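Open the model in your viewer and keep the selection panel at hand.

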Number of protein chains: 2
Amino acid sequence: MTRTSQAPTQAAAAAAATLPQMANALRVLAMDAVEKAKSGHPGMPMGMADVATVLFQRFLNFDPDAPDWADRDRFVLSAGHGSMLLYGLLHLTGYPGMTAAELARFRQWDALTPGHPEYGHTPGVETTTGPLGAGIATAVGMALAEAMAAARFGTDLVDHHTYVIAGDGCLMEGISHEAISLAGHLRLGKLIVLFDDNGISIDGSVSLSCSDDQLGRFAASGWTVQRIDGHDFEAIEAAIEIARAADRPSLIACRTVIGRGAPTKAGSAGTHGAPLGEAEVAATRAALDWTAPPFTVPQAIRDAWALAAQRGKAAHRAWRQRLAAAAPAQHTAFLASQAGDLPETARQALAEIRRDFLSRRPTLASRQASQQVLIQLLPAMPTLVGGSADLTHSNLTMGKDQAPVAAGNFAGSYIHFGIREHAMVSALNGLALHGGFVPYGGTFLVFSDYCRPAIRLAALMGLRIVLVMTHDSIGLGEDGPTHQPVEHLASLRAMPNLLVFRPADAVETLEAWALALEQRRRPSVLCLSRQGLAALPRQDENRAATGLSALGAYVVRETAGPRDVTLIATGSEVGVALAAARLLEAEGHHAAVVSAPCFELFREQPEAYRRSVLGTAPRIGIEAAVEGDWARWLGDGGTFIGMTGFGASAPIDALYREFGITAEAVAAAARRLIQQP
Amino acid sequence: MTRTSQAPTQAAAAAAATLPQMANALRVLAMDAVEKAKSGHPGMPMGMADVATVLFQRFLNFDPDAPDWADRDRFVLSAGHGSMLLYGLLHLTGYPGMTAAELARFRQWDALTPGHPEYGHTPGVETTTGPLGAGIATAVGMALAEAMAAARFGTDLVDHHTYVIAGDGCLMEGISHEAISLAGHLRLGKLIVLFDDNGISIDGSVSLSCSDDQLGRFAASGWTVQRIDGHDFEAIEAAIEIARAADRPSLIACRTVIGRGAPTKAGSAGTHGAPLGEAEVAATRAALDWTAPPFTVPQAIRDAWALAAQRGKAAHRAWRQRLAAAAPAQHTAFLASQAGDLPETARQALAEIRRDFLSRRPTLASRQASQQVLIQLLPAMPTLVGGSADLTHSNLTMGKDQAPVAAGNFAGSYIHFGIREHAMVSALNGLALHGGFVPYGGTFLVFSDYCRPAIRLAALMGLRIVLVMTHDSIGLGEDGPTHQPVEHLASLRAMPNLLVFRPADAVETLEAWALALEQRRRPSVLCLSRQGLAALPRQDENRAATGLSALGAYVVRETAGPRDVTLIATGSEVGVALAAARLLEAEGHHAAVVSAPCFELFREQPEAYRRSVLGTAPRIGIEAAVEGDWARWLGDGGTFIGMTGFGASAPIDALYREFGITAEAVAAAARRLIQQP
């Protein structure tokens with residue numbers, strides 16, 4: 001733990017520039033960038049500049065030449081609106097591309113310096129932040145990943161901290177409760193949150209809306225808590241030392257003055273989200289004795305900042321030596337976990353399960369099929385880790401003898417996330433961002449609403465996480481409309497860069513898993529049934545594990561002659577469509593049936609394929625959900641059979657009957673379409 | 001406060017049946033109903049039967065013959081899966097329709113006893129619960145409404161408590177943090193939460209996933225906290241007395257045994273969400289010395305339960321006398337606030353604002369137009385109360401000199417909800433459910449994701465709340481993709497029973513407000529622009545305040561001859577469509593322009609009207625958002641111009657240009673459609 005924290009103190013002391021001067025560089029860069037952009041948030045960077053300076057100069061291990069070094073400390077700016085603090089740090093420590101010119105292009109099209117930090121866009125940004133509370137919750141996942149990786153590969157290869165700067169907003173959001181409660185429960189001792197306790201929110205004083213004793217609250221969740229003056233460099237250093245030594249996650253409440261350095265406006269909400277203005281910028285320069293022009297930092301201060309990066313580079317070199325010295329098997333396994341490729345053993349397992357499902361043709365709820373996949377896949381894929389938000393035996397997310405993760409025991413792979421859907425998906429994001437793991441998590445589909453902000457961030461960041469969302473329609477029965485998703489398929493399909501799967505049988509469930517795991521740059525939601533689903537009619541297929549589901553939609557039942565009608569359905573309603581086709585066939589009407597497990601993949605197919613699947617006959621869409629964007633597939637003459645409002649509490653058969661989602665209703669609609677001129 | 005709590009203690013003592021016997025009636029009813037339904041949650045009702053019995057028998061003021069009595073105590077079963085506890089209570093206290101036969105139809109189609117309690121479906125159910133944490137957060141809004149109503153009408157007319165039963169799940173959900181923090185800040189002393197501290201969640205022991213010190217946590221948010229044995233009747237009564245006397249909200253952690261009474265299964269997760277089974281049901285009957293058949297309660301126990309209702313009826317009579325004795329103006333104002341009709345003064349104000357906007361034709365951001373509406377409307381509509389989730393000066397949700405609500409001062413009408421979007425909408429729901437108020441709340445549209453579960457409950461319950469969601473597209477500019485909604489219009493439109501407005505100018509903004517306020521049975525979201533919007537071309541209209549927006553969509557620019565193309569847009573993109581139409585006109589192409597401020601209302605119009613608006617020419621949809629369900633309006637030959645992925649950080653003009661949402665792009669698309677054979 002103390003391996004790298006002593007030397008730099010002496011090194012920094014030898015540098016010409018002082019810590020206050022280094023911090024002022026961050027202040028001025030932030031102030032000037034916001035001024036030039038005519039928008040942004042100068043107050044937070046100016047208030048937290050002292051804390052950030054101590055953190056980066058004394059503690060944070062990072063290598064700007066290798067932003068993805070696996071054992072770097074993670075730094076998460078949960079208060080993402082203060083992005084100029086982060087950009088200033090990345091600039092001063094020499095991250096590639098983060099030039100003064102990029103700072104001057106703050107908030108402009110295609111700059112490395114967008115309004116809020118964006119993962120994948122700017123090297124050195126560990127996670128996208130801005131939606132408040134997201135950073136702290138994602139950081140919990142990173143710290144969990146660190147603990148789990150250390151348990152697997154040892155502290156020679158994995159031994160780093162996760163630091164977070166969070167503001168009042170982060171701590172007011174509900175997600176913060178889920179996150180700190182989970183972190184406290186798991187005793188993630190290497191997670192350290194620096195709370196920018198400036199007493200100001202957008203509307204004015206925090207006291208307008210909040211009276212929480214934040215220290216008391218974190219302590220109640222098992223955290224080590226401290227309170228310091230966030231402008232006292234020695235106090236900051238001492239507090240971080242204490243936090244690093246603690247075996248619990250740490251909160252350091254840093255009492256700061258927002259906009260510190262601005263002579264007139266410091267301490268006021270006016271500095272939060274608007275440029276200081278020309279006069280105040282000039283007055284701040286004078287007050288800070290800062291004579292350099294905008295985006296120029298005196299060499300002595302640059303030299304001092306360079307030391308922080310030097311310390312990290314040295315740590316990185318030492319780590320590479322340890323990696324080189326590691327046992328070959330450990331070395332290989334570590335690199336493979338970091339690379340994130342699907343291991344050959346996993347591919348074989350997926351292919352094997354598919355063959356098994358094809359030959360057995362089991363009638364299974366898709367949640368049960370998913371569990372059978374997990375049972376086989378988990379032993380074959382050591383990076384696969386996950387859990388459920390307290391619905392393990394409903395979501396069926398646990399493999400056979402899958403060992404739980406618990407405080408002090410991170411060798412397991414099953415995570416009891418508790419009744420915390422939002423923290424769960426945020427943690428999955430953190431696990432994926434950290435690297436080394438392919439995370440999954442389960443809840444009921446209807447509760448995707450609880451974690452939607454985190455799903456959005458996964459989609460925006462392009463993270464491979466797999467959401468196992470069961471009880472995917474009124475088919476869940478008696479629990480009623482609060483638990484029956486009707487609009488969730490449509491609302492999730494509306495989200496860019498997210499794959500929404502609704503498999504129709506065990507084989508499609510396997511294929512959805514295989515496809516989800518093959519996505520390196522997007523998250524997937526598996527929408528799974530509570531009720532049993534019969535195996536679809538299939539030719540004996542010699543296909544890859546991703547099967548026909550890889551096409552997004554395909555014909556499961558073709559007509560002998562020209563089609564009279566095409567029935568398109570997903571999930572549990574493919575069985576309804578097949579039954580309707582049989583009814584129609586008995587009357588001499590020729591109905592093709594299309595299973596569409598993933599609209600997004602279908603949209604990516606060549607138009608010719610899509611046309612061949614959809615056909616030219618009238619179309620009927622069937623899904624136990626609202627119509628959403630089905631019109632896209634059904635065309636002007638099409639009909640949709642599904643839900644038009646919320647569900648109800650009753651046994652499943654009564655619900656399908658009362659809501660008119662039956663083979664008979666589909667056949668009747670088909671007859672009307674066929675008989676139309 | 002003690003007006004009604006003493007007498008019944010004596011009365012109950014005189015009854016033949018004991019409190020334990022009364023509680024056992026709840027246990028057996030719950031156990032038998034779940035057994036008959038073959039699904040449900042017996043554990044919680046059996047565990048909390050003792051607490052509920054004391055609450056109803058000693059404290060709760062209610063009148064089963066007048067479930068909507070304004071000054072009744074509110075009882076919220078936040079742990080909604082324990083619905084049989086509530087149904088048992090409603091049955092035993094004589095709520096209309098809640099017969100033994102309905103208990104026996106637990107979880108069946110159209111029964112009064114659905115799987116989770118549903119407001120509007122079952123008399124006596126104060127709010128729909130089931131999604132965990134929702135109840136406690138909604139109750140905060142009810143308690144806030146009580147305090148605000150008492151400040152307006154005095155404690156002679158308004159003086160009641162809000163009681164909540166919450167479980168571990170409710171307290172693990174993030175929403176609980178927002179709710180208890182807000183309640184503590186506002187010192188809602190008449191809110192009392194009874195925590196079913198049974199140590200069991202679905203996955204097993206709560207200790208699998210949670211180590212929180214709940215008392216410490218509530219205390220940190222300013223609550224009065226107590227811990228009791230939840231099976232000690234005297235302790236329960238004493239704790240509630242203490243809580244009622246406190247000037248802060250109260251938490252009473254009741255240590256209980258889940259499934260109490262079941263000899264083998266009590267205390268185990270197995271009682272949580274599944275029938276006990278025939279043998280255990282029989283053993284429980286024996287252990288409780290309960291010989292009556294299912295759904296039958298011995299008369300002595302019925303008599304004892306009837307006393308609770310008698311006390312409430314007496315309180316109701318006394319209240320009616322106080323109401324009759326109130327000053328006429330106060331009497332009238334109180335009844336008007338309860339009736340919830342739009343007052344004539346409000347109608348006049350809306351009509352006046354509309355005339356003003358029509359004559360001035362201001363170029364305003366729709367958020368600014370919304371503020372101008374609020375400034376005029378608030379003085380004319382005393383029941384209108386609201387606030388913002390710490391974005392007051394961005395959402396522009398505050399009227400002129402609108403007094404804030406604060407602890408100890410509830411006469412104001414502006415609520416600083418803090419950075420708590422989920423608690424805000426839950427509180428709006430509570431305010432609407434309580435009655436007497438028409439609540440509104442603001443945040444950025446993108447953060448509708450944070451409060452989506454509460455929006456869904458508003459839609460499911462049919463509550464009139466108004467959500468002012470500003471910064472409704474990439475048009476917000478530099479804050480970038482984390483703050484730019486692209487999928488939110490589609491995802492909100494997917495939700496049943498919700499009106500989604502996206503007004504195109506000041507007049508449409510006024511009309512959206514007028515329409516939202518006229519909805520008695522559904523919530524509305526106003527999606528408002530950050531950027532300025534020019535006034536649409538309009539004939540001098542002599543219409544009601546709801547204007548043409550009441551039709552959902554209408555032609556703002558008709559062509560002289562036959563249409564070559566119809567451009568359909570919403571909000572800020574109506575201006576883009578109009579500009580495109582002018583470009584096309586210059587080339588001799590005739591483009592009509594349709595503004596579609598509310599798809600839901602348009603769908604409700606007669607087909608002939610919809611056809612006349614949409615026309616038969618090719619159509620182009622324009623919206624700075626993903627396509628969602630636009631295909632429904634555009635037909636087979638249509639084209640959509642909007643977003644296909646997430647936004648970016650840049651000034652607004654750059655964004656519209658780079659994402660191709662411009663008059664030039666629309667005109668080019670129109671040319672292609674027109675020139676097609």
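How much area do chain B and chain A bury between them? About 7800 Å², with 56% of it on carbon and sulfur atoms; buried area is the accessible area (1.4 Å probe) that two parts lose on being put together, summed over both. This is a predicted model, in which local features need pLDDT of at least 70 and side-chain atom pairs count only at pLDDT 80 or more, while totals for chains, interfaces and linings use all residues. Residues are numbered from 1 along each chain as its sequence is written, chains are lettered from A and ligands numbered from 1 in the order in which they are written, and side-chain values use heavy atoms, with hydrogens and water left out.

**Stop 1: the chain interface.** Select both chains. In contact (heavy atoms within 4.5 Å) are 96 residues of chain B and 96 residues of chain A. Ten salt bridges are counted between chain B and chain A, a salt bridge being a side-chain nitrogen of Lys or Arg within 4 Å of a carboxyl oxygen of Asp or Glu. Now pick Arg632(B) and Glu627(A): their side chains form a salt bridge at 3.3 Å, N to O.

**Stop 2: H18 against H18.** Select residues 448-461 of chain A and 452-461 of chain B, which are helix H18 in each chain. Helices are DSSP runs (H or I, at least four residues) numbered from the N terminus. The two axes come within 7 Å and cross at roughly 145°; axes are lines fitted to C-alpha atoms over the stretch in contact, and angles run from 0 to 180 degrees between N-to-C directions. Asp449(A), Tyr450(A) and Arg452(A) meet Arg452(B), Pro453(B) and Arg456(B) here.

**Stop 3: domains 2 and 3 of chain A.** Colour chain A by domain: domain 1 is 20-318, domain 2 is 344-527 and domain 3 is 550-675, with bounds from an automatic or database domain assignment. The C-alpha centres of domains 2 and 3 of chain A are 26 Å apart. Between these two domains about 2200 Å² is buried, 57% of it from carbon and sulfur atoms. On the domain 2 side, show Ile474(A), Arg493(A) and Arg502(A), which supply 29% of the area that this domain buries against domain 3, more than any other three residues. Next, select Arg522(A) and Glu604(A), whose side chains meet in a salt bridge (2.8 Å, N to O).

**Stop 4: H3 and H12 of chain A.** Finish with residues 43-59 (H3) and 299-325 (H12) of chain A, whose axes come within 7 Å and cross at roughly 50°.

Definitions and conventions:
Helices (H or I, at least four residues) and strands (E, at least two) are DSSP runs, numbered from the N terminus.
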